[in-house]
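Hi there,

Here is the structure I promised to pass on to you. Have a look at it first, and then read my notes below.

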Amino acid sequence: MGRRGENIRKRKDGRWEARMLTGYDNARKAKYHSIYGKTYSEVKYKKELWIERNIAEKTSNAQTYNSKLKTTFEQICLEWLNAKRQTVKESSHARYMHIVKKHLLPELGTYHFSSITANMLNQFLLKKLQGNSELPESGLSPKTVSDIRTIIVQIMSYAEEHRYPTAVTEKIFFPKICPPEIQILNKNEQQALETYAFQAQEPFSAGILLALYGGLRIGEICSLKWNDIQPESGIVRVDKTLLRIQNAEPDSSKTKLLIDKPKTSHSIRMIPLPGFVIEHLETLRKRSDCYVITGTDSFIEPRTCLDKYKKILKKIGLNNYSFHTLRHPYVKPTTKNIIL
């Protein structure tokens, strides 16, 4: 029998035991927590400490929960961005920050996170996709809306992991992405571009050949130096890219140029080039620390590179093909059949 109604008793083994009710299981059977000691006074003291600690913990949890109920969507976004800074490339973090600040915060930032529902998010994404009713062309592409949705899902996962109350209990709308129409140079167009690149004898023409014969992206070409091309083996080492990103530093320009690792880990690669391409590149070679498409120790950014490429297309009478078209896997180089 418990002593003095405190549910403290002396056991047959000589120890004292205090039992505290902690709740009930699914069958409504009471669950207890036991504390043991050598004397009644010791167990009573331990029991009082346990009760005080539990009251304090419940009070703290209640205060924390109430505080989290008032947390805004903006606060969660900024917490998530700060956590992501430690785990992703600077360019990826800049992209996340751009989406959060340009798209999420202006419309959702001031809401309490706990008040945001799946329906609110779905309506937000649909609005982004469809645009203003008076300006339907203001709608974003399905790919961009899909990227926004991906960020929202990651933020929701972060909030759930950190025990923020949420009203989102359903899946969020996923925009259907239609693959873009593939652009491919026909044989005559490709031959005209290759002929120009081989005959131009200027550094930038090397970039066109590297895209056609090596499949390099425009940022990878802009960051390529001559020490990345090994004439003996005919191998091009691709382990960096040049890109312009949003600048997170206060009181500075909105964007900045960054030489970083390529798009994915699979993009770090060694590419073999045909012997006749290597031979031509050797006629353009400069110091090992010079950039390939400038021939100097200064680079040009992808936007400038694209402008130069478009001028070349116009000069030789070709349509306005994207630079990415040059590295498309269906492109088959034809210059080996050209007599220069």
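Among contacts between residues at least 6 apart in sequence, 62% link residues that are at least 24 apart. Keep in mind that this is a predicted model. The chain has 340 residues, and 39% of them count as buried. Its secondary structure comes to ten helices and eight strands.

If you skip the neighbours within four places in sequence, Gln 246 is in contact with Ala 94, His 98, Lys 254 and Thr 255. Is Gln 246 buried, exposed or partly exposed? Its relative accessible area is 31%, so it is partly exposed, because that class runs from the 20% limit for buried to the 50% limit for exposed.

Now go to helix 3, which covers residues 90–108. How far apart should its ends be? At 1.5 Å a residue, its 19 residues should span 27 Å, and the end C-alpha atoms are 25 Å apart, which agrees. Helix 3 also has a kink of about 35 degrees, centred on Val 100. Val 100 is one of the buried residues of this helix, and others include Ser 91, Ala 94, Tyr 96, Ile 99 and Leu 108. What covers the buried residues of helix 3? The cover includes helix 2 (73–84), helix 4 (118–130) and helix 5 (142–161), along with strand 6 (241–246) and strand 7 (255–260).

Helix 9 (residues 275–282) is worth a look too. Its buried residues are Val 277, Ile 278, His 280 and Leu 281. They cover an arc of only 160 degrees around the axis, so they sit on the same side of helix 9. The general rule behind this is that an α-helix has 3.6 residues a turn, so residues three or four places apart point the same way. The buried residues of helix 9 pack against helix 6 (187–200), helix 7 (204–214) and strand 4 (229–230).

Most residues other than glycine have a negative phi. Arg 163, however, has a positive phi, near 60 degrees, and Gln 201 has a positive one as well, near 55 degrees. Where do they sit? Arg 163 is in the loop between helix 5 and helix 6, while Gln 201 is in the loop between helix 6 and helix 7. Arg 163 is exposed, with a relative accessible area of 69%, whereas Gln 201 counts as partly exposed at 44%.

The elements that give two or more residues to its lining are helix 8 (218–223) and strand 5 (235–238). Among the lining residues are Glu 220, Ser 223, Arg 237 and Val 238, and Leu 216, Leu 224, Asp 228, Asp 239 and Lys 240 also line it.

Happy exploring!

Note on methods. Residues are numbered from 1 along each chain as its sequence is written. This is a predicted model: local features need pLDDT of at least 70, side-chain atom pairs count only at pLDDT 80 or more; totals for chains, interfaces and linings use all residues. Side-chain values use heavy atoms; hydrogens and water are left out. Helices (H or I, at least four residues) and strands (E, at least two) are DSSP runs, numbered from the N terminus. The expected span of a helix is 1.5 Å times one less than its number of residues. The bend at a residue is the angle between axes fitted to the seven residues ending there and the seven starting there. Buried means under 20% relative accessible area, exposed over 50%, partly exposed in between (1.4 Å probe, protein chains only). Contact means heavy atoms within 4.5 Å. The arc is that of the directions from the helix axis to the C-beta atoms. On a 1 Å grid over the protein atoms alone, a cavity is a set of points where a 1.4 Å probe fits but cannot get out, and a pocket is an open set with protein on both sides within 12 Å along at least five of seven lines; lining residues have an atom within 4 Å of a point.
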